[in-house]
Structures are given as C-alpha cells and as structure tokens.
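Hi everyone, thanks for coming.

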Amino acid sequence: MPARTDSTYQVDRGILRMLLDSYWNSDGWRSDVPPPAKAAVAAGVMFDQPWVAGHDEVVEAARAAAKRLDIGEVSDAFLAGLTAKRMDLRSALGSYAVARHLPAHTFRPGTDAHRCDLCGLIDDVQPIDRNAMNFERFKWGGVRRDDLGYVAFDLAQFARAPRLEMQGADVELGQELIAALRSLPPKTTAAQAATALKLLPGNKDERSAVLDILGVCGILRAGSRPSYAEAFVPYSARELPPAHHSDLSYPVCWWRASHGVAASGLRTFLPRLR
Ligand SMILES: [Zn+2]
C-alpha cells in the first residue's frame, strides 16, 4: 500500500473536522465531496490518491497487517477507544478479528464469476477510496466490517495511530458494557441493543459499530452460525437478513440477547474483561 506507514497521523479536532465535513453535513452524506484538504493530507488522515489494488494484493495486505499486530495491543486500544470515543482505535479490533484467520489464496470465482467465493472481493484492479474509508473509520469505527479492502486499510492505519494509555476506567466501561449485554431481555436484537446501551458514549450508529466488532470477535455469537473466532467465514457463508431488517454486519445481525456473551470470545479478544 502506498501509505505513510512509518509516520503517525494526527487526531486534533480541527484536522478530523476537515475529513468528516468532506463527507457529511447536517443532512447526512454529502453528494459534493470536495478534493482532499491539504492540511488533512499533511496530517496523515486524508490521501491525495486512492489505493489501486486487486484481489490478491488486498488479501496479502490484510494478512500481512494482521500478522504484524499483537492481539493485546489491539484489545487495549479498543478499550481505550470506547471511553475516549476514538473510533479509529475501536475499529482495529474488528478488522483484526476478520483478518486473523484469512487464508492466503488467489481469486476463486464463485456463482458470481467476478466475486471471490472465499473472501467476497471482486477480481478487478480498482481504485479504493481511502478518504471515504477513513471517514467511516473516524466517524463510526468502520461500517464495511468484512470488506477486506477496509480491513487491510484499517489495520495499516492502526499501525500509524497515536495511542492512548489504557486506564482502569476503560476496563470498567468495557465490563459495564458486557454486563449490560448480558442483562438485556432475551428477545433483544443487536439493533435494539444499539439503541438501549446508552452507557456507551456516542450515538446509535457508533454503538452499532461496536456490536459489529463484538460479533466478528465471536463475543456476540449467533447460535451455531459460523464465527470468525475459529476460522475465516467464507463470503458465501455470511448469510444476511433481508436488507430492511438490519444494517448490522454478519454475524451480529442474527444475535439475540438469549444467545448471550461468549466467554471464549472475551478470553481471546478482550482478556481484561470477564
Ligand atoms: Zn478471495
């Protein structure tokens, strides 16, 4: 990836505002996205050029980025990001979970000849808009949870992210979140949980991203549906509900509070929590 992977980006409010305002205004998504702001490019949160890559390069980038990271580092950054509302630090845990078991492979056409049956990427070399992905990353903690283009980008950016020292309050908030998830009425869906869990600072969309992340970590499991915690979930196995039923990612889109919180997922991905 032609990124400044050796340098740390800046997260001052004014700089992030340039990125966020490029894509979003009081009406929602902007249709008139301006060229990248020079100061935001200099600060490392926007990019002059897209990332031009095809299937094999993206897969390798995601695998390589995950291999370079330590799970404890990603886990602690997630907890610190919960309290501090550093969405970029939250996002990496989900991307790490998706990439951790991603097998090395070349493009495998499935029923759709242009889409890889294993990972879901299309086969074309194409420009990938890093600014749009970074917008989603800083605004919500990522929305393309299982899109390997996002996963590779997110993990590469995490390596450049200014870190926060984890505090006791971060673990406390994480533990409160887990306790609240365990005590929801059994039929509560993840979408309803995203509305209800107001102990987590932020809005519903930001909380939905957190639940998506807990889903791919196998902390919120949907019964016997395949989980990324054990093995990479092939694209063809990620069944989604009808679009109007849930905006959440696989597998948390199927989660109900009756499924509970999986201790095995916590032990692997958030070992400071019980
Ligand atoms: Zn693939």
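**A loop, then some helices**

Let's start with K85, which sits in the loop between α4 and α5 (87–99). Before I go on, this is a predicted model, where local features need pLDDT of at least 70 and side-chain atom pairs count only at pLDDT 80 or more, while totals for chains, interfaces and linings use all residues. Residues are numbered from 1 along each chain as its sequence is written, and side-chain values use heavy atoms, with hydrogens and water left out. When I say helix or strand, I mean DSSP runs numbered from the N terminus: H or I with at least four residues for helices, E with at least two for strands.

Back to K85: its phi is positive, about 55°, although K85 is not a glycine. Its relative accessibility is 39%, so K85 counts as partly exposed; buried is under 20% relative accessible area, exposed is over 50%, and partly exposed is in between, with a 1.4 Å probe and protein chains only.

Another loop, the one between α10 and α11, holds P251. The peptide bond from Y250 to P251 is cis, with omega near 0°.

Now, helix α3. Which residues of α3 are buried? They are H55, V58, V59, A62, R63, A65 and A66. These cover an arc of only 165° around the axis, so they are on the same side of α3; that arc is taken from the directions from the helix axis to the C-beta atoms. Their cover includes β3 (51–53), α5, β4 (126–128) and α7, where contact means heavy atoms within 4.5 Å. On the face turned away from the buried side of α3 you'll find the exposed residues K67 and R68.

Helix α8 (residues 168–182) has its own buried set: D170, L173, G174, L177, I178, A180 and L181. Looking down the axis of α8, those buried residues fall within an arc of 165°, so they line one face of the helix. What do the buried residues of α8 pack against? The answer is α4 (71–84), α10 (204–216) and α11 (263–269).

Last stop: helix α6 (residues 130–140) packs on helix α7 (residues 148–158) at an angle of about 70°, and their axes are 10 Å apart. Axes here are lines fitted to C-alpha atoms, for helices over the stretch in contact, with angles from 0 to 180 degrees between N-to-C directions. From α6, R130, M133, N134 and R137 meet G149, Y150, F153, D154, Q157 and F158 in α7.
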